[in-house]
Amino acid sequence: MSEVFNWQLGRKMEYPYEGAYPERQFAFVFNINRCLGCQTCTMACKSTWTFNKGQEHMWWANVESKPYGGYPQNWDVKVLNLLEKANPGGQVWDATNGQPKFEGQTIFEAAKKSLTPDGSRVLGYLPEDHEWNSPNIYEDNPKGERGKKYEFDKEGTELPIHKTWFYYLARICNHCTYPACLAACPRKAIYKRPEDGIVLINQEECRGYRKCVEACPYKKSMYRGNTRISEKCIACYPRVEGSDPEANGKPMETRCMASCIGQIRMQGLVKMNQKDGTWAEDRQNPLYYLVHVAKVALPLYPQFGTSPNGFYIPPRWVPKEYLQQMFGPGVDQAIENYLYPDRELLAVLQLFRRSNLIIFSYKFEKGKKVYEGKLRGKNVEMYDDTVIAYGKDGKELFRTKVEEPVYERSNKHANSI
Ligand code: SF4
Ligand code: SF4
Ligand code: SF4
């Protein structure tokens, strides 16, 4: 095992290989507050990459209803239980000096405690076939009063916390900085591309041992029975490279991002510090801004230790303990910042899904005040600020405003639809 730095844990951790970091890293932010569970993203991926024989159970992109849903079934509860068994009572964060640090064990560290009798490098489990059957099992099932079937709280839907709640968790491979799938593969068939950090399985080298399926805590590596080879999300790399015919040479967001109806998704390529895998400062990159400056977007189960590159703006209405378990100790601050956004955050949130091309930087221009009033007892003001997005070549991709323009159709065309 080597020692690598995991900024999401605030400490060094053990990993089977030396750290090696790409120049830029594929990353994304999903705003859970906006997801409507329409599954357009799911179908965009399916109809592009996994529509063939033997891939029927394979959903590289899926959207599951939390807290009960999961694909494969109960994946997160199972991994959390394994970790708890390996380190009873010790899976905790220390947030006393402002900089949270994970004191527990990651899936790599816990594996060393020989809970894996076959000497696996990663603590994990292999889901049974039936667990892959339903990409959104328990769809829309809310958490109600404990023990009372079909009985929900009468005043259950008021902020700050809904007493009757559920939410949609959209998931793809996180193209982790310390991929568990890669760490576990005995044939070294999995690699991380130095140019964009996308994690791929070499189909020529894979022999279908399924160690990656067992090791990935997010269960985003999947086995295909008829070819006896494992497959996973490829981050639509021809689009990200700009080599897809639709991209015209420009880096383009993936299929699941581009198709998102709820406009919850933004994907990018963030600059990395190649010495330790932290993000290099890039203040005007929208993903850097959302994760490191506005601090509204958090990694999914950072305690697993893979340093996932998918980040989520947590849902405002869900009990905090549940969210803290899922997104770590930054939850309270992220929700507060999202509930009462400052001018820049409100402007950056308008960048989501205005273009299918990858945004490399943005500029923010102040506009006039358009609203002032009270929101949940706090004074709030809104300004019609402008946000301008730029592509890889530094050229403007588009500009948009905080206030949505209103167009009135003339009487002449009142019924022309
Ligand atoms: S999410 Fe899973 S499959 Fe994807 S890179 Fe991370 S460990 Fe590998
Ligand atoms: S990035 Fe591409 S391959 Fe990956 S889940 Fe999204 S659509 Fe599928
Ligand atoms: S397309 Fe967007 S809004 Fe619809 S389910 Fe997927 S992530 Fe949610």
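I began with helix H8 (residues 286-293), whose buried residues pack against E3, E12, E14, helix H11 (343-348) and strand E15 (361-365). I took two residues as in contact if their C-beta atoms, placed from the backbone, lie within 7 Å. Helices (H or I, at least four residues) and strands (E, at least two) are DSSP runs, numbered from the N terminus.

A note on the source: this is a predicted model, where local features need pLDDT of at least 70, side-chain atom pairs count only at pLDDT 80 or more, and totals for chains, interfaces and linings use all residues. Residues are numbered from 1 along each chain as its sequence is written, while chains are lettered from A and ligands numbered from 1 in the order in which they are written.

**Entry 1: H8.** I looked up how covered H8 is, and six of its eight residues are buried. Buried means that 20 or more other C-beta atoms, placed from the backbone, lie within 10 Å of the residue's own. The buried ones are Pro-286, Leu-287, Tyr-288, Tyr-289, Leu-290 and Val-291. Just after H8, I found Lys-295 with a positive phi of about 55°.

**Entry 2: the sheet.** Next I traced an open sheet of four strands, ordered E12-E3-E14-E13, with mixed pairing. Its edge strands, E12 (265-271) and E13 (298-299), each pair on one side only. H8 packs on this sheet, touching E3, E12 and E14 (310-313), and its direction makes about 90° with that of E12; axes are lines fitted to C-alpha atoms, for helices over the stretch in contact, and angles run from 0 to 180 degrees between N-to-C directions. E3 (residues 24-31) and E12 pair in the antiparallel sense over seven bridges, and pairing takes at least two DSSP bridges. Arg-24 stands opposite Lys-271 in E12.

**Entry 3: E4 and E7.** In strand E4 (residues 62-66), four of the five residues are buried. E4 pairs with strand E7 (residues 167-171) in the antiparallel sense over five bridges, and Glu-64 has Leu-169 in E7 as its bridge partner.

**Entry 4: ligands.** Which residues come nearest to ligand 1? I found Cys-173, Cys-176, Pro-179, Cys-181 and Cys-216, out of 14 residues around ligand 1 (C-beta atom, placed from the backbone, within 6 Å of the ligand). Ligand 2 is surrounded by 14 residues, the closest being Cys-45, Cys-233, Cys-236, Thr-254 and Cys-256. Helices H1 (40-49) and H7 (255-258) are the elements that give two or more residues to the shell around ligand 2, with the largest share, four residues, from H1.

Terms used
A residue is buried if 20 or more other C-beta atoms lie within 10 Å of its own, exposed if 12 or fewer, and partly exposed in between; C-beta atoms are placed from the backbone.
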